[in-house]
Amino acid sequence: MALQCLVDWKGRPVNPQRQGGVKATMFIYFLVVMTNIGNIPMLLNVVSYLHGKMHMGIADASTTATNFFGAICVFTFFGAFISDSYVKRFYTILIFAPIEIVGYMLLACQAHFPSLHPPPCDIVNHPSECTTVSGRNLSLLTLGLYVIPIGEGAVRVCAAALGGDQFDGDDPRELRGKASFFNWYAFCISLGGFVGLVFVVWVQNNEGWDLGFVLSALVALLGTLVLVAGLPFYRHQKPTGSPLTRILQVFVAAFRKRNLSVPEDLVGMHGTTSIEVLERTSGFKFLDKAAVDDGDARPWSQCTVTQVEEAKIILRMLPVFVSSVLGYLPIPLLLTFTVQQGWTMDTRLGSTHVPPASLFVIPIVFQMLILVVYDRAVVPWLRRATGYAGGITHLQRIGVGFASNVVALAVAAAVEARRRRHGGAAAAEMSVFWLTPQFFLLGVMDVTSFVGLLEFFYSEASAGMKSIGGAVFFCILGIASWLGSFLIRVVNRVTARHGRGTGWLDGASLSAGRLDLFYWLLALFGLVALLLYLLCAWRYTYRHHPSRMPSAMEDYRVSPASKKLDAAL
């Protein structure tokens, strides 16, 4: 992104020696760590709160937790729309971060005051004696649970886009930093999750949920204050008006002028924007009619070539989006059931028993270690081989992650089959470290697909839609989570109908079900999704070819291997 499109906090042209770069992203990284210290334990442990404190049934608690995660992903679109259209990303964060903090404080108040939650009871042994949260208390709980996603969704997507704005991809000196930013962004998410799962979860379980929610609010507040301290160092993207309106205008104008012919040279009717001018491309020619001058200059009848190209970008990314949703669908299921497998196994580490909730820490630790190795060792080696600033293209990186997921599912199925063969007490003596290979492969998947998708949608979006590009990625996670819950219900219903009345995942315990067969089904589904993704990726045309390191910046020669990989995705 050219620096002339960016300004400092006073609206002046950016000084590249003072604004942007790694020093600016340090404040953003801190915010990401702090918000995820509270957010990830909330995502992974909220079922315990809803069931143990609010006395919801397991099914209702699980559905509410899934909806909570989906709401975060949906509200990323709201925050992205605001920041791309009307308010700079930094100020969007300042508006929505306090909303997230208010949500935590609402939950803290409800957990603290006895009149706002059901009376204590033995939900495990005497569930019939427990009163489920209802009435005004249920309304307060729902309000708190959905105020948090409003704030967190906007903060999450704007932090990623604001960090990407700090590097100029056209400057060879900043190209490597831009290529590494999303790796370290993902690392900070994992670091925050690690601290939260170790410390915040302990506070929730031992000192009380009220203190746990207050702690989450305090760390989010601290992260916001540190972000504010970095204000003089940021590069800011100026809002350009509603990108959704611009795109909708293209489809309306193209439909109105569907009977017109498109001239060979449409460049002469090119409008300009203050951010980026996009040149005409050859695909989706029916949309070019929106830019044909028929004498009607109204916005819903006459569009610029740049507007048309923004609409084409969305249509080109749509197949990758759909195939990525399908490729990501098995991942949250694999993570959830892998942890449930761990609950039934021997969790001793020497003389210490690892609490079941802490098993979520294992894939996070793997992810952080793999990210560091990938960014510091693998990427430089790949960069020498291919010449790409990121080592490989975004689509190649995503494909590696989806392939790792298929292997992880197959390994998980084999491990579960072995655990079932042991059965009973013997299964409980099987070490939880048998799950290490699938945890490792989950870490590989996160390092590749998670970061690759985020970077892909950010880099391919036009300059006026960077936040929305990031929101598209988070939407993939939310849709995949919802579809995963739907898939479980379908599989249970079908297998119960053709079995002995009990579905593969309906048993009172994992040993009573057939998780191994469900894993094999997911592996087959993941393989089909991978093949579909490879087809979509092979047919995709990059808006900008993935950045190569200029020869002036290379302390090496690009090897002949790069020529072979040029033909890849």
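1. D288 is buried, with a relative accessible area of 1%. Here buried means under 20% relative accessible area, exposed means over 50%, and partly exposed lies in between (1.4 Å probe, protein chains only). K312 forms a salt bridge with D288, and the closest N and O atoms are 2.8 Å apart. The criterion is a side-chain nitrogen of Lys or Arg within 4 Å of a carboxyl oxygen of Asp or Glu. K312 lies in helix α8 and D288 in the loop between α7 and α8, so the pair ties together parts that are 24 residues apart in sequence. Helices here are DSSP runs (H or I, at least four residues), as strands are (E, at least two), numbered from the N terminus. K312 is buried too, at 0% relative accessibility.

2. Before going further, note the basis. This is a predicted model: local features need pLDDT of at least 70, and side-chain atom pairs count only at pLDDT 80 or more, while totals for chains, interfaces and linings use all residues. Residues are numbered from 1 along each chain as its sequence is written, and side-chain values use heavy atoms, with hydrogens and water left out.

3. The D288 site has a further partner. D288 also forms a salt bridge with R280, where the closest N and O atoms are 3.3 Å apart. R280 counts as partly exposed, at 28% relative accessibility. Which residues do the shared partners join into one network? They are R280, D288, E309 and K312.

4. The salt bridge count comes to 12. One of these lies between the side chains of D8 and R12, at 2.9 Å from N to O. D8 is buried, at 2% relative accessibility. R12 is partly exposed, with a relative accessible area of 43%. In general, side chains of opposite charge can pair when their charged atoms come close.

5. How many disulfides are there? The count is one, taking a disulfide as a pair of cysteine sulfur atoms within 2.5 Å. The pair is C121 and C130, with sulfur atoms 1.9 Å apart. The torsion about their S-S bond is about 115 degrees, so the disulfide is right-handed. C121 is partly exposed, with a relative accessible area of 28%. C130 is buried, at 14%.

6. C109 counts as partly exposed, at 35% relative accessibility. C158 counts as buried, at 0%.

7. Most residues other than glycine have a negative phi. Phi of H55 is near 60 degrees, a positive value in a residue other than glycine. H55 lies in the loop between α1 (22-52) and α2 (58-85), and counts as buried at 5% relative accessibility. Phi of F284 is also positive, near 50 degrees. F284 sits in the loop between α7 (243-256) and α8 (305-328). F284 is partly exposed, with a relative accessible area of 32%.

8. Helix α15 (residues 515-539) holds L524. L524 is exposed, with a relative accessible area of 52%. L524, L527, V528, L531 and L534 form a nonpolar patch on the surface, with about 440 Å² of accessible area together. Patches take residues with over 30% relative accessible area and no salt bridge; like charges are joined within 9 Å, and nonpolar side chains (Val, Leu, Ile, Met, Phe, Trp, Tyr) within 5 Å. The areas come from the Shrake-Rupley method with a 1.4 Å probe; for residues, only the protein chains shown count as cover.

9. D516 is also in helix α15. Is D516 buried or exposed? D516 is buried, with a relative accessible area of 6%. D516 touches A413, E416, A417 and R420, not counting residues up to four places away in sequence. Contact means heavy atoms within 4.5 Å.

10. Now the confidence. pLDDT is the predictor's confidence in each residue, from 0 to 100. The protein has a mean pLDDT of 83, and 88% of its residues reach 70 or more. Where pLDDT is low, the predicted coordinates should not be read in detail.
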